Amino acid sequence: MESNVLPDSLRSQRLQPGIGFGSGTLRSSSSSSLRPGVTVPIAPLVSAASGPPPPPPPLQLHSLYGGGVGAALGLGPGASGHCNPGNPAVLKEAVEAVVRSFAKHTQGYGRVNVVEALQEFWQMKQTRGADLRNGALVVYEMVPSNSPPYVCYVSLPGGSCFGSFQFCPTKAEARRSAAKIALMNSVFNEHPSRRITDDFIEKSVSEALTSFNGNREEADNPNTGIGAFRFMLESNKGKSMLEFQELMTVFQLLHWNGSLKAMRERQCSRQEVLAHYSHRALDDDMRTQMAADWVNREQSMAGTIAQELASTERELEDARLAGRELRFYKEKKDILMLAVGQLSAANAATLPSH
């Protein structure tokens with residue numbers, strides 16, 4: 001517990017996702033001085049006596065989905081948790097089976113228009129009282145290309161993202177492929193087994209303790225990594241796996257950007273970070289701050305963004321072909337591309353005028 005009570009405005013500044021690297025930042029100096037993890041600590045918040053930041057916890061929140069849901073939640077490989085992502089034939093068969101079943105129970109036998117079916121599914125959820133803050137619209141995004149294979153991404157109303165997982169010779173086929181995998185996950189997500197229950201929490205925590213050689217005391221202490229994991233699950237009891245994954249994407253990005261480490265260095269407690277970001281949706285402000293951090297990294301070491309972007313694109317491609325949920329990888333790529341745009345604008349502004 002902190003000895004001094006910080007004003008709400010200062011507390012919220014300490015919890016901002018941006019890191020900042022000193023003079024290279026694109027943000028104003030007064031704003032940067034209040035960002036977590038700035039190069040020169042602010043005396044009232046971090047004293048010399050406080051020592052180095054604590055080591056990373058045994059179970060980082062990003063681990064929940066970094067390698068698929070199964071890595072920490074015991075749901076099998078990949079975010080969908082239903083197919084073997086290493087076997088495209090099995091994945092295709094499972095997707096087709098779900099689409100046929102959905103068609104049988106909603107529209108009768110015959111060929112189903114999966115693009116229409118996916119939209120109707122989410123509109124049905126909304127009419128039945130689902131809390132869709134941004135409406136029920138399903139959004140498609142084609143990757144620009146003049147020749148096959150064509151790639152399409154689809155974002156569901158809650159924020160989950162899926163992509164075409166087959167070789168698609170036409171743009172229409174890419175759209176249908178993305179809709180199929182999204183429909184499968186949407187349908188499976190309604191199953192009771194996909195809800196976070198007391199039994200699910202106990203099983204998941206026990207498996208996490210085993211995987212990370214933890215003890216029961218850690219699970220009951222919210223200041224430990226496994227305790228934070230339990231806290232997150234219990235805070236989202238009753239929610240579906242897709243809903244929980246949408247929340248976890250924020251923490252994945254905070255870890256990837258170095259924001260969680262920066263907040264620890266600024267002595268933000270784990271509970272404080274969890275409470276703040278559990279209720280904060282991923283927005284343009286968060287993306288812009290993270291992009292600015294990558295601009296600073298690029299200015300410190302040329303080639304940093306290109307290297308990270310190449311790695312992210314490989315991850316995105318592998319996850320897409322495996323039929324996994326893609327938002328984390330997609331958001332990383334979008335943030336890095338935003339950083340490229342910021343860097344170009346900054347360079348253009350410093351060019352001498354003729």
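1. A search of the whole structure finds 17 salt bridges, a salt bridge being a side-chain nitrogen of Lys or Arg within 4 Å of a carboxyl oxygen of Asp or Glu. The model is a predicted one, in which local features need pLDDT of at least 70 and side-chain atom pairs count only at pLDDT 80 or more, while totals for chains, interfaces and linings use all residues. Residues are numbered from 1 along each chain as its sequence is written, and side-chain values use heavy atoms, with hydrogens and water left out.

2. One of these salt bridges joins Asp198 to Lys237, with the closest N and O atoms 2.7 Å apart. This pair links distant parts of the chain, since Asp198 is in helix 8 (residues 198-211) and Lys237 is in the loop between helix 10 (225-235) and helix 11, 39 residues apart. Helices here are DSSP runs of H or I with at least four residues, numbered from the N terminus.

3. Within helix 10, Glu234 and Arg230 meet in a salt bridge of 3.0 Å, N to O, and, being 4 residues apart, they are separated by about one helical turn. Glu234 is partly exposed at 39% relative accessibility, whereas Arg230 is buried at 12%; buried means under 20% relative accessible area, exposed over 50%, and partly exposed in between, with a 1.4 Å probe and protein chains only.

4. Glu315 forms a salt bridge with Lys332, the closest N and O atoms being 2.7 Å apart. Because Glu315 lies in helix 15 and Lys332 in helix 16 (residues 327-350), the pair ties together parts that are 17 residues apart in sequence.

5. Glu308, in helix 15 (residues 304-321), deserves a separate remark. Glu308 is buried yet has no salt bridge, and the nearest side chain of opposite charge, Lys332, is 4.3 Å away; for charge, Lys and Arg count as positive and Asp and Glu as negative, while His and the chain ends are not counted.

6. Helix 11 (residues 241-257) has 17 residues, which at 1.5 Å a residue should span 24 Å, and its end C-alpha atoms are 24 Å apart, which agrees; the expected span is 1.5 Å times one less than the number of residues. Of its 17 residues, 15 are buried, so helix 11 is largely enclosed by the rest of the structure.

Terms used
Helices (H or I, at least four residues) and strands (E, at least two) are DSSP runs, numbered from the N terminus.
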